[in-house]
Structures are given as C-alpha cells and as structure tokens.
Amino acid sequence: MGQEGRRLFLMTCIGGVAVVTAGAVAYPVISYLAPRKGKDNSASVSIPEKDLPPDGAKFFQYHGKAAVIVRKKDGSVTALSAVCTHLGCIVQWEAQKGQFICPCHGGQFSTDGKVLGGPPPKPLELLKVTVANGVITIG
Ligand code: FES
C-alpha cells in the first residue's frame, strides 16, 4: 500500500468513526424530540367524581398538557384543554363568574369552552368525557 493508499484508508476510517459518532449523538436527541407514540397518547385519565367540587373545576395533565374538568350549572361535566387558544397560557377557573379567565391577556371562556371575550380566536378544545360509577374518564 502506497502513501496515497494509506491516506485513503485513514480518511475512510476517520469518516466511518465520524458517521458512527454523529449517529450515537443524534439518535437520543431525535428520539427525545419526536412525538411520543403508542400507549401514552391513547391513555385516558380517570378522576373520582368526588374530587370535582360542585361549583368548581379540577385541573390535570392530559397527554402532557394542562386540561380541566368543570361541572356546569345543569350538573353535567365538561372536559376541556386548559391551554388558551390565543398564545397558549393556562386558563384559570373563576368560580364566582362561572367562567375561565386567561391571566395573560384577559381571554374569557364559558364552561363549554366558547370565547366570551378577549383576544382568543377560537374556543378551548373539548375533550371526550364520560361519567360512570362515580368516576370521570377523560379520553
Ligand atoms: S394567551 Fe390567553 S388571552 Fe392571550
């Protein structure tokens, strides 16, 4: 093997090591950033009905985002995303007004998620909810 041959061999080895190293670094980063698949996204959340105050709301995490259940005046339960549709702040429950208020820019939402005032362009996302045997199931 001549000098050119050794140089080519050396460059091929260095290139191979660089590719393997880049893959070893990139894989965990990409798998961390990629959206989760499988059970996590299909999992439902169960909350005992007694944990929901009669005139109140209960916040929880749903698929990694803030969500809320609220008992409406007619006694039924609604589940909503608690992420404001304006710029993504988490809404708060105002029991006296019976509505959600966004602390960032004053957006207001009904217990059905409808926009009552402020800058939010669309309603809060409704989540599927069922109530059975004293358990509220979201998702
Ligand atoms: S982020 Fe909610 S009103 Fe602006």
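Trainee: What should I know before I start?
Mentor: This is a predicted model, where local features need pLDDT of at least 70, side-chain atom pairs count only at pLDDT 80 or more, and totals for chains, interfaces and linings use all residues. Residues are numbered from 1 along each chain as its sequence is written, and side-chain values use heavy atoms, with hydrogens and water left out.

Trainee: OK, what's the average pLDDT?
Mentor: The average is 83, and 70% of the residues score at least 70. pLDDT is the predictor's confidence in each residue, from 0 to 100.

Trainee: Where does pLDDT stay under 50?
Mentor: Over residues 35-39, and there the model has 1 contact beyond four places in sequence. Contact means heavy atoms within 4.5 Å.

Trainee: How many helices and strands are there?
Mentor: The protein has 2 helices and 11 strands. Going from the N terminus, the order is α-α-β-β-β-β-β-β-β-β-β-β-β. Helices (H or I, at least four residues) and strands (E, at least two) are DSSP runs, numbered from the N terminus.

Trainee: How much of the protein is buried?
Mentor: Of its 139 residues, 28% count as buried. Buried means under 20% relative accessible area, exposed over 50%, and partly exposed in between (1.4 Å probe, protein chains only).

Trainee: Switching topic: which cysteines form a disulfide?
Mentor: Cys89 and Cys104, with their sulfur atoms 1.8 Å apart. The rule is a pair of cysteine sulfur atoms within 2.5 Å, and by that rule the count is 1 disulfide.

Trainee: And where do those two sit?
Mentor: Cys89 is in the loop between β4 (77-81) and β5 (92-94), while Cys104 is in the loop between β6 (99-101) and β7 (108-109).

Trainee: What about Cys84?
Mentor: Cys84 lies in the loop between β4 and β5 and counts as buried at 5% relative accessibility. Leaving out residues up to four places away in sequence, Cys84 touches Cys89, Val91, Cys102, Phe109, Pro120 and Leu124. Its C-alpha atom is 8.4 Å from that of Pro123, which sits 39 residues away along the chain.

Trainee: Which residues does Ser110 contact?
Mentor: Beyond its neighbours within four places in sequence, Ser110 is in contact with Leu80, Phe100 and Leu116. Ser110 lies in the loop between β7 and β8 (115-117), and is buried at 14% relative accessible area.

Trainee: Now pockets. What's the volume of the largest one?
Mentor: About 230 Å³. A pocket is an open set of points on a 1 Å grid over the protein atoms alone, where a 1.4 Å probe fits, with protein on both sides within 12 Å along at least five of seven lines; lining residues have an atom within 4 Å of a point. The volume is the space filled by probe spheres set on the points, which are joined across faces, edges and corners.

Trainee: Which strand gives the most to its lining?
Mentor: Strand β3 (residues 65-71), with 3 residues. The lining includes Tyr62, His63 and Glu125.

Trainee: And the second largest pocket?
Mentor: That one has a volume of about 170 Å³, and Arg71, Lys72 and Trp93 are among its lining residues.
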